[in-house]
Amino acid sequence: NVDLVINLGDFTNSAYNMEYDQFLSSYLRIARPAVNVLGNHDAVGVGPNIFKKVFGDPNYFFESASLRFIFFNSTNLESPSNFDPGWLESTVNASTKPVLIFTHVPLIDSERFTGSVATTMTNVIQHANTKVIVNGHRHVFNYSSESGTHLVQAPRAEGARWLLIEIQGTQIDVQEINGGGTVST
């Protein structure tokens, strides 16, 4: 009974055309709506161009009746021309609803985000509307919180190990399947 499948990136290793093709052959068989976030491995070379051609803009959002879902391209080192932290901050600021953000690289990463970019990321995390941020990149489940925002790191999706996010109105429950971690907001 899954309503939406979200891939948090690194569905390729080196962003080769054949890797995108292999991913698409599996992706197209998903019997549910599915969306993707650009991962750092997907963003090398011509990867961002392939991503745009196949999936559209790497920064986008949609809303349900009660929430705003934001999908943000955090691959600043691999694809700086597609990295737009100002877009993320303004999209969070413009929301009248609680916000969930899905991204590949965690927004707290002192090696990637410094100076004014780090300040923008902190503003996004600390914004009253931001409730949950889910990222991939590091391949292990982790949970922390900052300023009332739940920061959830998804494990590597292998076999039956993944995150299940259940939403009822503005109540959000995140469960690591086959790993045991649970977060409720």
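Which residues line the second largest pocket? Select Pro106, Leu107, Ile108, Ile125, Ile133, Asn135, Arg138, Asn142, Tyr143, Ser144, Leu151 and Gln153. This is a predicted model, in which local features need pLDDT of at least 70 and side-chain atom pairs count only at pLDDT 80 or more, while totals for chains, interfaces and linings use all residues. Residues are numbered from 1 along each chain as its sequence is written, and side-chain values use heavy atoms, with hydrogens and water left out.

**The second largest pocket**

A pocket here is an open set of points on a 1 Å grid over the protein atoms alone, where a 1.4 Å probe fits, with protein on both sides within 12 Å along at least five of seven lines; lining residues have an atom within 4 Å of a point. The second largest pocket holds about 150 Å³ of space, a volume being the space filled by probe spheres set on the points, which are joined across faces, edges and corners. Now colour strand S7 (142–146), which gives the most to this lining, with three residues. Strands are DSSP runs of E, at least two residues, and helices runs of H or I, at least four, numbered from the N terminus.

**The largest pocket**

Next, select Val5, Ile6, Asn7, Trp162 and Leu163, the closest to the centre of the largest pocket among its 38 lining residues. The volume of the largest pocket is about 1,200 Å³. Strand S9 (162–168) gives the most to its lining, with six residues.

**Glycine 9**

Move to glycine 9, in the loop between strand S1 (5–7) and helix H1 (17–27). Glycine 9 counts as buried because its relative accessibility is 18%; buried means under 20% relative accessible area, exposed over 50%, and partly exposed in between (1.4 Å probe, protein chains only). Show its contacts (heavy atoms within 4.5 Å): not counting residues up to four places away in sequence, glycine 9 touches Val37, Leu38, Gly39, Asp42 and His104.

**Aromatic pairs**

The whole structure has 14 aromatic pairs. Rings of Phe, Tyr and Trp (its six-membered ring) pair if their centres lie within 6.5 Å; planes under 30 degrees apart count as stacked, over 60 as edge-to-face and the rest as tilted. Select phenylalanine 11 and phenylalanine 51, a stacked pair at 6.4 Å centre to centre and 25 degrees between the planes. Phenylalanine 51 sits in helix H2 (residues 47–55), 40 residues from phenylalanine 11. Phenylalanine 51 is buried, with a relative accessible area of 1%.
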